[in-house]
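Have the sequence and the model open side by side.

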Amino acid sequence: MNSKKVTLSCDFGGRPITVESGRMAKQADGSVLVTYGDTVVLVTAVSSHRMKPGQDFFPLTVNYNEKYYAAGKFPGGYFKRENRPSNDATLIARMIDRPIRPLFPEGYLYDTQVICNVLSVDENNDPEVAASLGASCALAISNIPFNGPTAGIRVGRIGGKLIANPTLAQLEESDMEIFIAGTQKAVMMVEGGAQEVPEAEVLEAVVFGHKTIQPLIEMQKEFVKMIGQPKREFTPPAIDETLKSKLIELTTGKVKEAYKIKEKHARADALKAVFTAASTTLVKADEAGAAEKLKELNGHFEMIKYTAMREQVLKDKNRLDGRDLRTVRKINTEVGVLPRTHGSSLFTRGETQVLAVLTLGTKDDEQMIDPLRAKGMNITKKFMLHYNFPPFSVGETGPERGPGRREIGHGALAERAISAMLPDHTKFPYTIRLVCETLESNGSSSMASVCSSSMALMDAGVPFANPVAGIAMGLIKEGNDVAVLTDILGDEDHLGDMDFKVAGTAKGVTAIQMDIKIEGVDEAIMRTALAQAHEGRMHILGEMAKTITAPRADTSKHAPRIITMKVKVDKIREVIGSGGKVIRGIIESTGAKIDIDDSGTIHIASNDEAAAKKAIKMIEAIVEEVEIGKVYTGKVRKIMDFGAFVEVTPGNDGLLHVSEIAHERVKNVADYLKEGDIIDVKVLDVDRQGKMRLSRKVLLDAPTGEKH
């Protein structure tokens, strides 16, 4: 509990940032109020003093709570109360979690919760950066064991110049947006996207970001000196060293042999058999505490596997499936695999397989979102990529629930990688949804999703700028021995030290994500990983090109056709009509979807091309400028004593005076015309107010002997 009031500030990205403790939430183990401009985030850290019986993993939870009052907004939806976290909040929570998780000491298995509440937010100062700082600072000043501090920063680039914590306006101009978190000595986490930026320039941004967070690290150290509490002592679960030694003796050689099996399930079955045989020997089913001993043995066995796999890579330079460090697994690709969808592809790399399915829609299909920090109130998404990971993809059973943090995170990464290459919406006015179904998984299904999505877009005829591919890099590091692995397997991810995903085109990077399980990596390791990733990505792009190299010339016959036209702004009202009457009439008559914006751009969508063309013709008739002297076929709308009103073009009526109906004198207009008649009229004049004077008489043959 921190009750002493202390405030510290430092310059960060050209703006002051302040951390304050002892003012709010004083019963938490650690609490910090971070102020960055008008952005204010309260971060608390609490850890249980009792470990749950049988606990065998570190139960850390990080929550990022968007409070809509922070932006002076009401939450969207019926109940007007914050409910489940948005996708953005989930992704931010993951970014805060990932750099701090590796910094808790080995064996600390107590329930720990970090909660970040956004209390106030502006457009210029990033709440994610403030929350990342607050999470580390709250842990650092608390009595919770933590080997920080860390800090995070968002880096942008405009005109080749790197910018620390760009504003929302600057991000719109930036060709790069990367979030970097690290300690004083090393980078812990990287997440972001770019517009085909070369690897060397991405690395420059990471190094710049790591250098720029150093004042935050120093400020936290000073903060700890002023109010930091002694770290609580904890006792890791007791280990039966005799039992551990016997297990090592019984299984080490057999585990090494099992790791020579190249196929995933066969290797897993062999390892399971090794453990079963050893545990049966060491623990009798009916002895006291058998379940606890088996659980302990399982923990020891994980460490034996960890050691054996890493030794095989570092010493023998031999990976689990027999590859060297740089080789990409065998790739198979297909497109057009589903007959009725708008675009589809199947990408298989080793034992990882993803089916991508694309759907094209109209403006009605855009996703309405309610972000806490945004320019403007009404925000829509025109491109969505959803990632699914069913249990059968890894040969398991399990409940199928909504997307979890992992699915949301993987989908967001693939979406970022692809979105950089999508056409401008004004040129391709479709809403695009991609769904990536993971059918098999043994390492980096998120990067397989990038590859399959790229091909599905081309299969659908989307004018996609350049093909995108992704690859996951791994790391095994023991002291000075380092091995960077290209295209990692699931076990290499699980037992390794790094998961470094890089996606991009032949020209450069479009998305990057790095997670570290050790206390950071240096510039040299990242440089090597990026170089190998580029090499692997170029190979994968070459394999994809064997199936499809460019977008198809036309979209699927099953997709809606969207035709764009432009009308003058002063004609918008005429197209819409009073209360929307005119545009509703066109929709009812043609069955097409019609959307018109304030600039006069009209999108007409229909699966029936003839219906779309009919709608265009009707709109063109409405907005047509009436010409003096031109003959029009119109409909009699209203009969009056002095003449009739005739609709010359849709929504535009002119006066046909009684004197212009016929050559002879007309005493009763109803004797010549009735409402609903279709007649030809000539425009005699249009005054400044747009009122038309019409004539029917001049189009009729004059009586014999009468001059025209």
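The structure holds zero disulfides, a disulfide being a pair of cysteine sulfur atoms within 2.5 Å. Cys116 is in no disulfide; the nearest cysteine sulfur belongs to Cys137 and is 12 Å away. Cys116 is buried, with a relative accessible area of 0%. Buried means under 20% relative accessible area, exposed over 50%, and partly exposed in between, with a 1.4 Å probe and protein chains only. Cys451 is likewise in no disulfide, and the nearest cysteine sulfur, from Cys436, is 10 Å away. Cys451 is buried too, at 0% relative accessible area.

A word on the source. This is a predicted model: local features need pLDDT of at least 70, side-chain atom pairs count only at pLDDT 80 or more, and totals for chains, interfaces and linings use all residues. Residues are numbered from 1 along each chain as its sequence is written, and side-chain values use heavy atoms, leaving out hydrogens and water.

Now find strand 18, residues 469-478. Strands here are DSSP runs (E, at least two residues), numbered from the N terminus. Eight of the ten residues in strand 18 are buried. Which strands does it pair with? Two strands pair if DSSP finds at least two bridges between them. Strand 18 pairs with strand 20 (residues 498-504) in the antiparallel sense, over seven bridges. There, Ala472 stands opposite Lys501. Strand 18 also runs antiparallel to strand 19 (residues 481-486), joined by six bridges. Here Ile476 faces Ala483 as its opposite residue. Strands 18 and 19 form a hairpin with two residues between them. In the turn, Gly479 has a positive phi of about 65 degrees.

Three strands form an open sheet in the order 22-24-23, with antiparallel pairing. Strand 22 (561-566) and strand 23 (593-596) stand at the edges. Each has a single partner strand, so one side of each is left without a neighbour in the sheet. From one strand to the next, the twist averages 15 degrees; axes are lines fitted to C-alpha atoms, and angles run from 0 to 180 degrees between N-to-C directions. Strand 23 and strand 24 (residues 601-606) run antiparallel and are joined by four bridges. Asp595 has His603 in strand 24 as its bridge partner.

Val631, Val698 and Leu699 make a nonpolar patch of about 220 Å². Patch residues have over 30% relative accessible area and no salt bridge, and nonpolar side chains are joined within 5 Å. Val698 lies in the segment after strand 29 (692-695). Val698 is partly exposed, with a relative accessible area of 45%.

Technical notes. Patch = residues over 30% accessible without salt bridge, like charges linked within 9 Å, V, L, I, M, F, W, Y side chains within 5 Å. Areas by Shrake-Rupley, 256 points an atom, 1.4 Å probe, with all protein chains shown as cover. Salt bridge = Lys/Arg side-chain N within 4 Å of Asp/Glu carboxyl O.
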